[in-house]
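Please find below a colleague's note in numbered points, meant to be read beside the model.

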Amino acid sequence: MIDLVGKRNWFFLISAIVIIPGIISLAVFGLKLGVDFSSGTAMTLHFDKEIELSTLRQEFTSLGYDRAVVQPAGEGDFFVRLPEISAEENTKLKEGLETELDTKIEVSSLYSVSPIVARGTVSNTIIAVVVASVGILLYISWAFRKMPNPFRWGTCAVIALVHDLVVVIAVFSILGWAAGVEIDALFVTGVLAVVGVSVNNIVVVFDRIRENLKRGVSRDFEVIVNYGITESMGRSLNTGLATLFVIVALFLLGGTTTYNLVLALLIGIATGIYSSLCIAGQLLVVWEKGLASRQKAVSSPA
């Protein structure tokens with residue numbers, strides 16, 4: 001049997017190696033906010049002939065939109081983000097580009113977000129994550145209410161979830177700094193979906209630990225937890241990898257409009273598989289051993 005619990009310090013070290021650079025990146029560079037969080041106008045333009053990216057950027061500058069971010073989106077499409085503009089300004093911009101570039105332009109997607117809506121999106125996102133975490137803590141504490149210290153099980157599950165979210169956010173911070181990857185409303189959707197998938201994986205592992213605890217497979221809690229993790233490993237890997245294969249296909253073949261959602265799911269689900277097998281149960285053992293050590297110290301004669 002693989003001793004996953006005995007190697008818990010290595011797993012904690014691996015997580016730290018991933019998370020600490022991400023936290024530094026967050027502190028220094030933060031997240032690259034998309035239109036949904038920073039306000040502005042985003043659109044996808046389709047040209048009926050081939051246009052060079054540098055030429056298009058130059059035309060935006062000459063039309064007075066020097067802050068426009070222009071990115072190729074494949075098959076003659078370009079994704080454009082610029083400060084919030086009105087419908088009249090958008091019409092003039094489109095006509096100006098068509099005249100200067102001698103081409104026809106189809107606006108396949110267009111949306112604007114005001115600063116007030118952007119601030120509301122940020123606050124609602126934070127509230128949603130906090131409410132979800134509290135709900136998960138209460139639910140798992142209730143689901144494992146017949147176990148000793150059920151609040152401990154819920155707390156360890158939430159810590160593992162926070163671990164997954166921090167990894168996703170940290171990776172997006174690094175990608176925002178290195179590759180200009182922005183976060184938007186689809187990123188939030190992906191993060192909340194990661195929470196759901198991670199909770200499912202953690203509950204499966206915790207359920208096996210509970211069953212082994214009831215059966216009394218060992219008097220050592222560390223051995224019981226390791227049994228539970230190894231017994232659920234096949235199920236976690238099979239379901240997780242099957243999901244990842246679908247997401248990888250979407251990542252490779254999907255369009256740019258779902259890029260942030262798919263990328264967040266890809267990172268989050270891979271991290272969720274790891275944390276359910278290598279972090280959540282190990283935290284239970286660390287907590288149990290810490291309490292046992294303190295109780296032993298208190299009961300020992302001075």
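1. Rings of Phe, Tyr and Trp (its six-membered ring) are taken to pair if their centres lie within 6.5 Å, and planes under 30 degrees apart count as stacked, over 60 as edge-to-face and the rest as tilted. The model is a predicted one, in which local features need pLDDT of at least 70 and side-chain atom pairs count only at pLDDT 80 or more, while totals for chains, interfaces and linings use all residues. Residues are numbered from 1 along each chain as its sequence is written, and side-chain values use heavy atoms, with hydrogens and water left out. On these terms the structure holds seven aromatic pairs.

2. One of these pairs is Phe 11 with Tyr 274, which is edge-to-face because the planes stand at 80°, with the ring centres 6.2 Å apart. This pair links distant parts of the chain, since Phe 11 lies in helix 1 (residues 8-28) and Tyr 274 in helix 9 (residues 259-278), 263 residues apart; helices here (H or I, at least four residues) are DSSP runs, numbered from the N terminus. Phe 11 counts as buried at 12% relative accessibility, where buried means under 20% relative accessible area, exposed over 50% and partly exposed in between (1.4 Å probe, protein chains only).

3. The rings of Phe 144 and Trp 153 are stacked, because their planes meet at 15° with the centres 5.1 Å apart. Phe 144 is buried, with a relative accessible area of 2%, and Trp 153 also counts as buried, at 3% relative accessibility. Together with Phe 206, these two residues form one aromatic cluster.

4. Charges over rings deserve a separate point; the criterion is that NZ of Lys or CZ of Arg is within 6 Å of the ring centre and within 35 degrees of the ring normal. The charged end of Arg 210 sits over the ring of Phe 144, at 4.5 Å from its centre, and Arg 145 lies over the face of Trp 142, 4.3 Å from the ring centre.

5. Which residue forms a salt bridge with Arg 210? The partner is Asp 207, with the closest N and O atoms 2.6 Å apart; a salt bridge is here a side-chain nitrogen of Lys or Arg within 4 Å of a carboxyl oxygen of Asp or Glu. Both residues lie in helix 7 (residues 185-215), three residues apart, which is about one turn of the helix. Arg 210 is buried, with a relative accessible area of 17%, whereas Asp 207 counts as partly exposed at 26%.

6. The structure holds six salt bridges, including one in which the side chains of Arg 208 and Glu 231 meet at 3.0 Å, N to O. That pair links distant parts of the chain, with Arg 208 in helix 7 and Glu 231 in helix 8 (residues 221-253), 23 residues apart. Arg 208 is partly exposed at 27% relative accessibility, and Glu 231 is partly exposed as well, at 38%.

7. A further salt bridge joins the side chains of Glu 222 and Lys 289 (3.3 Å, N to O). Glu 222 belongs to helix 8 and Lys 289 to helix 10 (residues 280-299), so that this pair, too, links distant parts of the chain, 67 residues apart. Salt bridges that share partners join Arg 8, Glu 222 and Lys 289 into one network.

8. Helix 9 has 20 residues and reaches 28 Å from its first C-alpha to its last, close to the 28 Å expected, the expected span being 1.5 Å times one less than the number of residues. Helix 9 is largely enclosed by the rest of the structure, because 16 of its 20 residues are buried.

Methods:
Helices (H or I, at least four residues) and strands (E, at least two) are DSSP runs, numbered from the N terminus.
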